[in-house]
Amino acid sequence: MPSTQGPQALFAVPDVWLGAMVPKRWARRAVTRNTIKRQIYTVGATFEARLPQAAHVVRLRTAFDRKQFVSATSDQLKQAVRAELLQLFGHAARRAGGGAAVPAPAPASQVLPAHEVAP
């Protein structure tokens, strides 16, 4: 009989694994999706020691407006993505540490343990 003590991982992970999902509907150009993924992996590496040993997935949930970010590789886009990721990974690290997290507005992206399913 399965345990009902809470979410459990599908498989044991001896380290922190990080994956990125950037759907085409939110970032139409491949260069934009790749830029966002590079930012996810770079910021994720700085928080790796503070995250629990598990497989984590970061997925983009809303679009970055092409009118505001005309160039797919602009410094403005990179800074906006980095700022949101810093907030997101900071929240995930606080949550993993057991500290009380301050509620924040819904981010454009989300860090999920691989065994959780987003709504």
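The chat below covers the model, its elements and a few residues.

A: Before anything else, this is a predicted model: local features need pLDDT of at least 70, side-chain atom pairs count only at pLDDT 80 or more, and totals for chains, interfaces and linings use all residues. Residues are numbered from 1 along each chain as its sequence is written, and side-chain values use heavy atoms, with hydrogens and water left out.

Q: OK, what is the mean pLDDT of the protein chain?

A: The mean is 78, and 72% of the residues reach 70 or more. pLDDT is the predictor's confidence in each residue, from 0 to 100.

Q: Which elements have the lowest and the highest mean pLDDT?

A: Strand S3 (residues 109–113) has the lowest, at 56, and helix H1 (residues 30–47) has the highest, at 93. Over residues 98–106 the pLDDT is below 50, and that stretch has four contacts in the model beyond near neighbours in sequence. Contact means heavy atoms within 4.5 Å. Residues 114–119 also stay under 50, with 12 contacts beyond four places in sequence. Where pLDDT is low, the predicted coordinates should not be read in detail.

Q: How many helices and strands are there?

A: The protein chain has two helices and three strands, running β-α-β-α-β from the N terminus. Both kinds are DSSP runs numbered from the N terminus: helices are H or I with at least four residues, strands are E with at least two.

Q: And how do H1 and H2 sit, at what angle?

A: The axes of H1 and helix H2 (residues 75–97) come within 9 Å and cross at roughly 40 degrees. Axes are lines fitted to C-alpha atoms, for helices over the stretch in contact, and angles run from 0 to 180 degrees between N-to-C directions. H1 and H2 are therefore oblique to each other; angles under 35 degrees count as roughly parallel, over 145 as roughly antiparallel, 65 to 115 as roughly perpendicular and the rest as oblique.

Q: Which residues make that contact?

A: From H1 they include Thr35, Ile36, Ile40, Val43 and Phe47, and from H2 they include Lys78, Val81, Leu85, Phe89 and Gly90. By class, the contact has 10 nonpolar, six polar and two charged residues. Ala, Val, Leu, Ile, Met, Phe, Trp, Tyr, Cys and Pro count as nonpolar, Asp, Glu, Lys and Arg as charged, and the others, Gly among them, as polar.

Q: Take threonine 35, then. Buried or exposed?

A: Threonine 35 counts as buried because its relative accessibility is 3%. Buried means under 20% relative accessible area, exposed over 50%, and partly exposed in between, with a 1.4 Å probe and protein chains only. Leaving aside neighbours within four places in sequence, threonine 35 is in contact with Ala72, Thr73 and Lys78.

Q: New topic: where is tryptophan 26?

A: Tryptophan 26 is in the loop between S1 and H1 and is partly exposed, at 25% relative accessible area. Not counting residues up to four places away in sequence, tryptophan 26 touches Leu60, Arg61, Thr62, Ala63 and Phe64.

Q: Last one, proline 14: buried or exposed?

A: Proline 14 is exposed, at 66% relative accessible area, and is found in the segment before strand S1 (17–21).
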